[in-house]
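Please read the following report alongside the sequence and the model, which are shown here.

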Amino acid sequence: MLGFWDERSHLVWLANNPQQLPSQTMRHNYISNFYVNGDVCDLTGKKRLVEVRLKCMQHYSKPKTVSITIQEKQPCEYILLVSSPIICKVLSQANQDGIIRLED
């Protein structure tokens, strides 16, 4: 398990990484959310964590395409990039902290 969503941890992460605020990342058509408390890493002894980037990918011929890539920037610290045209519809609903609260 790479991590769990925790709003408080996300807000602390944003305070320490202001370059990940939507005001900065939306220029590149993505928002970032920070997940913590994943499984313990054998290499570091710390819990895994992951930054999940939701990116708007314009692909008109295949509107349901989803691309997922993962990068390990340091041992057991990941960036998970999810790109899709589907994401384009919800990015505008992100608040100033990059949190999307969809209505039921």
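In which helix does Pro22 lie? Pro22 belongs to helix α2, which spans residues 22-25; helices (H or I, at least four residues) and strands (E, at least two) are DSSP runs, numbered from the N terminus. This is a predicted model, in which local features need pLDDT of at least 70 and side-chain atom pairs count only at pLDDT 80 or more, while totals for chains, interfaces and linings use all residues. Residues are numbered from 1 along each chain as its sequence is written, and side-chain values use heavy atoms, with hydrogens and water left out.

Pro22 counts as buried because its relative accessibility is 11%, where buried means under 20% relative accessible area, exposed over 50%, and partly exposed in between (1.4 Å probe, protein chains only). Not counting residues up to four places away in sequence, Pro22 touches Ile31, Asn95, Gln96, Asp97 and Gly98, a contact being heavy atoms within 4.5 Å. Although Pro22 and Asp97 are 75 residues apart along the chain, their C-alpha atoms are separated by 6.6 Å.

The strands form an open sheet of five with the order β1-β2-β3-β5-β4 and mixed pairing, two strands being paired if DSSP finds at least two bridges between them. Since β1 and β4 stand at the edges with a single partner strand each, one side of each is left without a neighbour in the sheet. Strands β4 and β5 run antiparallel and are joined by seven bridges, and Thr69 has Leu81 in β5 as its bridge partner.

| Strand | Residues |
|---|---|
| β1 | 3-5 |
| β2 | 30-37 |
| β3 | 49-56 |
| β4 | 67-74 |
| β5 | 77-84 |

Helix α1 (residues 7-16) lies across β1, β2 and β3 and runs at about 120° to β2; axes are lines fitted to C-alpha atoms, for helices over the stretch in contact, and angles run from 0 to 180 degrees between N-to-C directions. Within α1, His10, Trp13 and Leu14 are buried, and what covers the buried residues of this helix includes β1, β2 and β3. On the other side of α1, Arg8, Val12, Ala15 and Asn16 are exposed.

The largest nonpolar core consists of six residues, namely Ile31, Cys56, Val82, Ile87, Leu91 and Ala94; such a core is a set of buried Ala, Val, Leu, Ile, Met, Phe, Trp, Tyr and Cys residues joined through side-chain atoms within 4.5 Å. Leaving aside neighbours within four places in sequence, Cys56 is in contact with Asn29, Ser84, Ile87, Cys88 and Leu91. A second, separate core of five residues includes Cys41, Val52, Cys76 and Tyr78.
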